[in-house]
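Please keep the structure open while reading.

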Amino acid sequence: MIKSYYAEVDNTIYEKTSSMNTGLDSALELGKVSSSAGVFTSRILITFPLASISSSILSGDIVNPKYYLNLYQSATKEMQPEYSIVAYPISQSWSGGSGRKMDPTRRTQFIKQGSSWTYRDKVDPDIEYRSALDTQWTSRSIAVNSIMQYSSVTGGGTWYANYYGTQSFEYDTADLRMDVTPIVNYLIGTGSGYTGISRMKSDGKNDGFILLRSGSQETNAINYGNLQFFSRETNTVYQPRLEVVYDDSSFIPGDLVELTSDESVVYLKNLKHEYSRKEQPKIRVVGRERYPVKTFSTQSNYKSIKYLPSTSYYGVKDALTDEFVVPYSHLGTKLSCDSSGNYIKMDMNSFMPERYYKLCFQVTQSDASIVVYDENFYFKVNR
């Protein structure tokens, strides 16, 4: 199964305007400018609701998962042909804030408070630092294995350097889908090689991820341009999300016969037109030969149930954009099978409500050929 969890809080922090908060911006930005005045970058802070994931792992509902951070590109400017992005777990708490990049500024007062390059939480509206109210990012007294790195202005977050995810791009400015399994395992204290110590707080909150450019791309004198992603404040369907991918399939076909013909028909028995976000349906997937061989029988050959191969997968597309929101996955979207035929289990809470979606299927045959069934299997998710 692939479950999606949407961002709780996100923010971009800017080194050049080090006290600016952008917690309500509709875009997240990785930027870098190098000039005679110095090197100035921006970084992304983001959190997801990990408490429910942790409880599902402890209960055994989720087993051996992998985690993928998904950010959807909105704009680029003057990008280098090759670049890399890295993510780390943040090691100090921070607040999202309620500012925007284009808000007017004052020299004597903050209009919006929250996290920025200098502050992880700015409460006092006065421009000056007030130790009783304001909290700065600091390299003093931070956790073991936690670091702070910056070029021109002190701050920019702190993070645990030993756990990270990375993704590289070459002549491409695509959406981000980064494997962040080591980071999530570290934050919730589960997974192979982890001690079981959770970094989440008593209220279930966590400090989330920080995203920045990789290695010397963050600090050298080369301009790497600006890369923008949609934030949780976007009015589009492209909110940041964390995918939890794990194998919940079971394949025990019993006495059923495998469907091997590439001239086949696939249909769904119990797909409803609408679902609520609370539902977790079990949907039956039926395959039959398009042109069954004629035989003497007491029932129609069209009613003969056969099962799709174990190398069969489902995907889900947004009906309007025709883009995958649940991609085909050898780990997360295998079809299951029992003595009644194939089926899939879905969690409707993973989908944005008040939208239409379409199920499709990919089958790898015994000769390694791939057949795709992209029919009109539509459904809607309600609030």
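## A buried tyrosine and its stacked partner

Y83 has a relative accessible area of 1%, so Y83 is buried (under 20% relative accessible area; over 50% is exposed, in between is partly exposed; 1.4 Å probe, protein chains only). F169 is buried too, at 6% relative accessibility.

The two rings have centres 5.0 Å apart and planes at 15°, so the pair is stacked. Rings of Phe, Tyr and Trp (its six-membered ring) pair if their centres lie within 6.5 Å; planes under 30 degrees apart are stacked, over 60 edge-to-face, and the rest tilted. Y83 lies in strand β7 (residues 82–89) and F169 in strand β12 (residues 165–170). The pair links distant parts of the chain, 86 residues apart. Strands are DSSP runs of E, at least two residues, and helices are runs of H or I, at least four, numbered from the N terminus.

## Basis of the model

The model is predicted: local features need pLDDT of at least 70, side-chain atom pairs count only at pLDDT 80 or more, and totals for chains, interfaces and linings use all residues. Residues are numbered from 1 along each chain as its sequence is written, and side-chain values use heavy atoms, without hydrogens and water.

## Other aromatic features

The structure holds 15 aromatic pairs. One aromatic cluster is formed by Y275, F351, Y357 and F379.

Charges also sit over rings (NZ of Lys or CZ of Arg within 6 Å of the ring centre and within 35 degrees of the ring normal). The charged end of K16 is over the ring of F40, 5.5 Å from its centre. R177 places its charged end over the ring of Y68, 4.1 Å from the centre.

## Two buried polar residues

Q92 is in the loop between β7 and β8 (119–121). Q92 is buried, at 9% relative accessibility. Its side chain makes polar contacts with the side chains of R120 (3.2 Å) and T158 (2.8 Å). A polar contact is a pair of N or O atoms within 3.5 Å; within protein, one must be able to donate a hydrogen and the other to accept it, and residues adjacent in sequence count only if both atoms are side-chain atoms.

N70 sits in strand β5 (residues 66–71). N70 is buried at 4% relative accessibility. A polar atom of its side chain lies 3.2 Å from the backbone oxygen of Y68. Leaving out residues up to four places away in sequence, N70 touches L176, R177, P240, R241 and E243 (contact means heavy atoms within 4.5 Å).
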